[in-house]
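Hi,

Here is the structure I mentioned, for you to open alongside this note. My findings follow below it.

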Amino acid sequence: MDIRSELHKAQLFQNLELLANQIVEGFISGIHKSPFHGFSAEFAEHKIYNPGESTKHIDWKLFAKTDRLYTKRYEDETNLRCHMILDNSASMYYPEIKQPDLANLNKVGFGVLAIAALMQILKKQRDAVGLSIYSDSFNFYASEKSSERHFQMLYSKLNEVSNTTNTSETTKTYTYLHQIAEKIHRRSLIFLFSDMFQTETEEAQLFEALRHLKYNKHAVVLFHLLDHKHELNFDFENTPKRFVDVETGTHIDLYADNIKKAYNEKAKQYQEDLKLKCAQYRIKYVGVDIGSNFSQVLNTFMIERQTFV
């Protein structure tokens, strides 16, 4: 174990809530570039006024500043129930990062920070959040709540995930998605963060599990986390390398250029098939490059929230 690497990782995630808040503030500062132009930093305490609604709670001071109509939100108002699902399998710990930072994360680190950032928005909006984590076992489940104590418990669990290394040898995605679906009883917006690599390989069962998540009229968004440079484009130096399956331990020795074209075709076909299946089941598919920032995740959330509530 590289002690310096572990210390650097611990420092990065030592205050997950503060880090998440910085990500959200950065997103808000650049929001004029998004579909929410004019949406101020006060969005966490307001919602857009829809024609036909009562004008009783319109914030006229904010209207004077922005020339847009928003209605005030109340502290005891919970408009949304949201459940986060994190794939914590061994493949999510790729690539191996010696000195993680916001621009240099593995898949699970990106997923942890994305969830924490979404929680920060939901917390400010006084919405209820739940969390499930799985790998070769059902590691963690917490139902949707909106209390400060609950949020701190979830941040603590995410921090724990970010500072450990998973050595699981299998990923039972559809087994645990079925179990999670059975636990979420009230209509919720569900976000799944996964690279969709699993040792359970029966595709029909995988999509049956995803469809099960839509039970009780839930809305489901799949954030498909991949390192696009390596996992989609197979961009490696053309020198002899050993490629190891981190979950099964099997390996192959080869020159990257010898299989790059065939690999690219297979990888992109897999991604396209996944998109089509998600569309078939009315699941929102969002391909995410972990080498990018978090704006794609946060923009997707804002759009889905507007249509879900």
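Let me start with two phenylalanines: F191 and F301 are both buried, where buried means under 20% relative accessible area, exposed over 50%, and partly exposed in between (1.4 Å probe, protein chains only). Their ring centres lie 6.0 Å apart with the planes at 50°, so the pair is tilted. Rings of Phe, Tyr and Trp (its six-membered ring) pair if their centres lie within 6.5 Å; planes under 30 degrees apart count as stacked, over 60 as edge-to-face, and the rest as tilted. F191 sits in strand β6 and F301 in helix α10 (residues 295-308), so to speak distant parts of the chain, 110 residues apart, are linked by this pair. Helices (H or I, at least four residues) and strands (E, at least two) are DSSP runs, numbered from the N terminus.

Before going further, a word on the source: this is a predicted model, in which local features need pLDDT of at least 70, side-chain atom pairs count only at pLDDT 80 or more, and totals for chains, interfaces and linings use all residues. Residues are numbered from 1 along each chain as its sequence is written, and side-chain values use heavy atoms, with hydrogens and water left out.

How confident is the predictor? The mean pLDDT (its confidence in each residue, from 0 to 100) is 83, and 85% of the residues reach 70 or more. Residues 1-8 stay under 50, and the model gives them 6 contacts beyond four places in sequence; a contact means heavy atoms within 4.5 Å. The pLDDT is also below 50 over residues 32-44, a stretch with 26 contacts beyond near neighbours in sequence.

As for the overall picture, the chain has 10 helices and 10 strands, and 49% of its 309 residues count as buried. Among contacts between residues at least 6 apart in sequence, 76% join residues at least 24 apart.

Back to the rings. There are 12 aromatic pairs in the structure, and F191, F193, F223 and F301 form one aromatic cluster. Charges turn up over rings too (NZ of Lys or CZ of Arg within 6 Å of the ring centre and within 35 degrees of the ring normal). R187 lies over the face of F308, 3.9 Å from the ring centre, and the charged end of K277 sits over the ring of F207, 5.9 Å from its centre.

Next, the cores. A nonpolar core is a set of buried Ala, Val, Leu, Ile, Met, Phe, Trp, Tyr and Cys residues joined through side-chain atoms within 4.5 Å. The largest has 52 residues, and M84, L86, F110, L158, F191, F193 and F223 touch the most other members. Helix α4 (residues 107-124) gives the most to this core, with 12 residues. Another core, of 23 residues, lies apart from it and includes Y176, I190, L213 and I283.

In α6 (residues 173-183), the buried residues are T173, Y174, Y176, L177, I180 and A181. Seen down the helix axis, they fall within an arc of 160° (taken from the directions from the axis to the C-beta atoms), so they line one face of α6. They pack against β3 (81-87), β4 (128-134), β5 (138-145), β6 (189-194) and α7 (203-213). In α7, the buried residues are L206, F207, A209, L210, H212 and L213, and their cover includes β3, α6, β6, β7 (219-226) and α9 (256-280).

A cis peptide bond joins Y94 and P95, with omega about -5°; P95 is in the loop between β3 and α4. M196, in the loop between β6 and α7, has a positive phi of about 60° although it is not a glycine. R282 also has a positive phi, near 60°, and lies in the loop between α9 and β10 (284-289). Which of these two is buried and which exposed? M196 is buried, at 1% relative accessible area, whereas R282 counts as exposed at 72%.

Cheers

Notes: pLDDT is the predictor's confidence in each residue, from 0 to 100.
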